[in-house]
Amino acid sequence: MLLCGKKPHTSQQSRSNKTNMEKLMEDLKSQIIEQLNLQEVKPEDIGNDEPLFKTGLGLDSIDALELIVLLQQHYNIRIANPEQGPEIFHSIRTMAAFITAQQKQQA
Amino acid sequence: MSVKVWIAGGGVISGIGMNLEENLQAFKDMRTGMTKMQYLQSVHQDAFPVAEVKADNDTLADMARMPETTSRTALLSLIAAREAWKSTGLGDISRYRVGFVSANTVGGMDKTEDFFKAFLPNPGGGRLQQVVHHECGAVTELVADALGVRHHISTISTACSSGANALMYGARLIRNNIVDIVIAGGTDSLTRFTLNGFNTLMILDQQPCRPFDETRTGLNLGEGAGYVVLVSDNLLAHIQPWARLSGFANANDAYHQTASSPDGTGNYLAMKGALDMAGLTPEDIGYINLHGTGTQNNDVSEGIAINRLFAPHFPAMSSTKSFTGHTLGASGGIEAVYAALALKEGIIYPNARFRRQMKELPFAPATAFSTGNDLKHVMSNSFGFGGNCSSLVFSKE
Amino acid sequence: MNIYINGTGCISPQETAQIGPLFSTLKEYDQVRLQAVDPDYKQWIDLKQIRRMSRVVKMGVGAANLSMEEAGIKMPDAIITGTAYGCLDDTGVFLNKMVSQEEQMLTPTAFIQSTHNTVGGQIALLLGCNAYNNTFVHRGFSFENSLLDATMILREGEAKTVLAGGLDEITHYSYQVLSRFGLYKKAPVKTMELLKSPDRGTIAGEGAAFFVLSPEKGTHTVAELAGVCTIYKPLWEGEVIGEIVKFLEAQDLTLEDIDLLVTGRNGDIAQDEIYEEVAAALFPDHPEACFKHLCGEYPTAMAFGAWMANRIIAEQDVPEAAMFYGQAPARIKNVLIYNHHQGTHHALILLKAC
């Protein structure tokens, strides 16, 4: 699910032209690694669309609760019902999409 | 090998009563213990109903004849343990070889968490008196010393199954002739540590809980203490037994740190093991005091395990946590007292606020209080974090 | 029924997780707080689980695995843990956050890892072990109670192997608080000088030691756990002395039958007095070895002592670093361990070579 297309860029413009979505996904990866103490995992090891739970990164229900707190701490988003977790936290991209949508709503 | 182990008495203090008689009256009156937080100070005061013991620390200290600075966990423990001993009519405790096996999960945390406020910004801050009884075992010893018990003292902490495990260890001590009597059970007071801890797991109900109900959304924390007095067969002539501890088992779910396995493996093994030790079949059980916390996870796992073991003959069952809340380390002890009393008086306890049967289960809990039932054997379940599952079976003789 | 020690595992401030003669690579310290030497825990715990585990849980899992490896078993019939302080580090983390964040935005990991039965629970989880699982949290008797529970369960006849152990950790917060209680030396003391130190206070330690117990001898078994006894708040040294005599009589042993006395002297001149009195009254000429200068003082340090005694029996020798009085005896069959914690919790363990 793409939010907006990338503008064509030259080598000088590379980082500043990353979409908000891409920056958000990068930030999320670092935050998740830190929050969940994923030693020996680097941000580049986590695919944007890789499942976070069960397979892929292999997170579990406790991690889901940790991610709920992460959303609150970093993005001021409250999830009252932990059952929403599996859907929102399916992948980095779905998380980023959820955050973006929530932030638009709050704005 | 097995010397018979009898229950000669019991004592309870909980959110529904300051002693066993008051607890019983509350069941009769369908008066549950969940209210807005009154005694514990917390930012979540209005968010979650809890079943606190309806007395502040000064009142409890008076009742226990202990200093006001004593940990609430210890005060509750001493009050219930004394009631239990008194109910046996055995008299002077120093005349017997007595053990005290008490369970708790937080120890003196009620004081430690106050200490931490001053200690965190300044390593010299906070009064040492607040942490001298922090350890689980220190709380037990405060009570053992006050009771005059010296022969064998121990503390067990296996989360919500702690109290039940205390009875098992106590029974073993008697069977192995290490002591003749054991005051066994557990205690826990409500603390910010536990309240916040359970909140992070998102399993607290913002309404009074509905164990074993299809619409349940979590548990209510409670606090209290409950002890039975286990007595060796050698002293049978000196007591009027309420029941006999005829079987018990402890198994581990080994599935997840806090969640129960979907098919309730640990629960099933514990219940089956307890029946096997008692030499009983599932049909022999007349009533089950459920662990029944009211969480989505526990109730379905426990229910499925009961279905596996008991179908098609389901005994009456109920969760008394619908009245007392989840008293953690105390629950196994409190519910053992209720179970033993159930046999003595033929009681089936009600499960409060039950409306809708769980879709996974072909049975529903009892919703009315009754006495005079012909109960021969009763089971009490206690399942906790760390996969610790324990089940006790009591028999009339 | 004899109860054999078929395997042991120990993680401590010494290199006890390594194979090799006892204390061959002795670690000598000159500090008041000793920290356990961590082996590579990844050999037993995969990354996905290790990330959540605090040190004390890893120590417990590591020591448990070492003991099962030696005993040659993959699955015990019961897991029994003794810990006085439980999981202090996570308790401290959660308390810290709870206070500083005023009960907001707290996360579950530290809370669930803080419960005392986490070590026992994690061992069971990693092994997929559905068997009996219990945790004792009774101060200086936590380890002894776990041994007693193990013994009682083995005597019932169904269980064939029981994994039982004792562990405790020292953390930044706990060290600060315990220091305020005056437990420790005011200035660092060298390891090999601790036990002769003429003032109050000891050194803080930590560690985990697990034992695989069974009514059937294993391939590497060298000793049996012949007896465990606890004495709570003895009124005077006479009571301890009387209990020791009774304890040995119950084993059909006389004082002379004891080849080696192992004691829990910890360098606190007041607390060590009773060891002097007991030795003088009962074992004036017996060789005596000690262990707390090597592992530090903590409520379940007796587990380290028992582990050391078992290895001494295996090697039929006492390393110089452990010898306190006299010469290492030529033949080491009966070893009596006497330890107390804080003067209130006294315990005896008897090991017999087999």
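User: What percentage of the 397 residues of chain B count as buried?

Analyst: In this predicted model, 66% of the 397 residues of chain B count as buried.

User: And what secondary structure does chain B have?

Analyst: Chain B comes to 11 helices and 10 strands. Its radius of gyration is 19 Å, close to the 21 Å that the globule rule gives for 397 residues, so chain B is as compact as a globular protein of that length. The C-alpha trace of chain B spans about 60 × 50 × 40 Å along its principal axes.

User: How much of the contacts in chain B with a separation of 6 or more comes from residues 24 or more positions apart?

Analyst: Those pairs account for 79% of such contacts in chain B.

User: Where are the domains in chain C?

Analyst: Chain C is divided into domain 1, covering 4-214, and domain 2, covering 223-353, and their centres, taken over C-alpha atoms, are separated by 21 Å.

User: How many residues are in contact between those two domains, and which element of domain 1 gives the most?

Analyst: In chain C, 47 residues of domain 1 are in contact with 39 residues of domain 2. On the side of domain 1 that touches domain 2, α6(C) gives the most, with 6 residues, and the residues of that side divide into 25 nonpolar, 16 polar and 6 charged.

Note on methods: Residues are numbered from 1 along each chain as its sequence is written. Chains are lettered from A and ligands numbered from 1 in the order in which they are written. This is a predicted model: local features need pLDDT of at least 70, side-chain atom pairs count only at pLDDT 80 or more; totals for chains, interfaces and linings use all residues. Helices (H or I, at least four residues) and strands (E, at least two) are DSSP runs, numbered from the N terminus. The radius of gyration is taken over C-alpha atoms; the globule rule is 2.2 Å times the number of residues to the power 0.38. A residue is buried if 20 or more other C-beta atoms lie within 10 Å of its own, exposed if 12 or fewer, and partly exposed in between; C-beta atoms are placed from the backbone. Two residues are in contact if their C-beta atoms, placed from the backbone, lie within 7 Å. Domain bounds come from an automatic or database domain assignment. Ala, Val, Leu, Ile, Met, Phe, Trp, Tyr, Cys and Pro count as nonpolar, Asp, Glu, Lys and Arg as charged, and the others, Gly among them, as polar.
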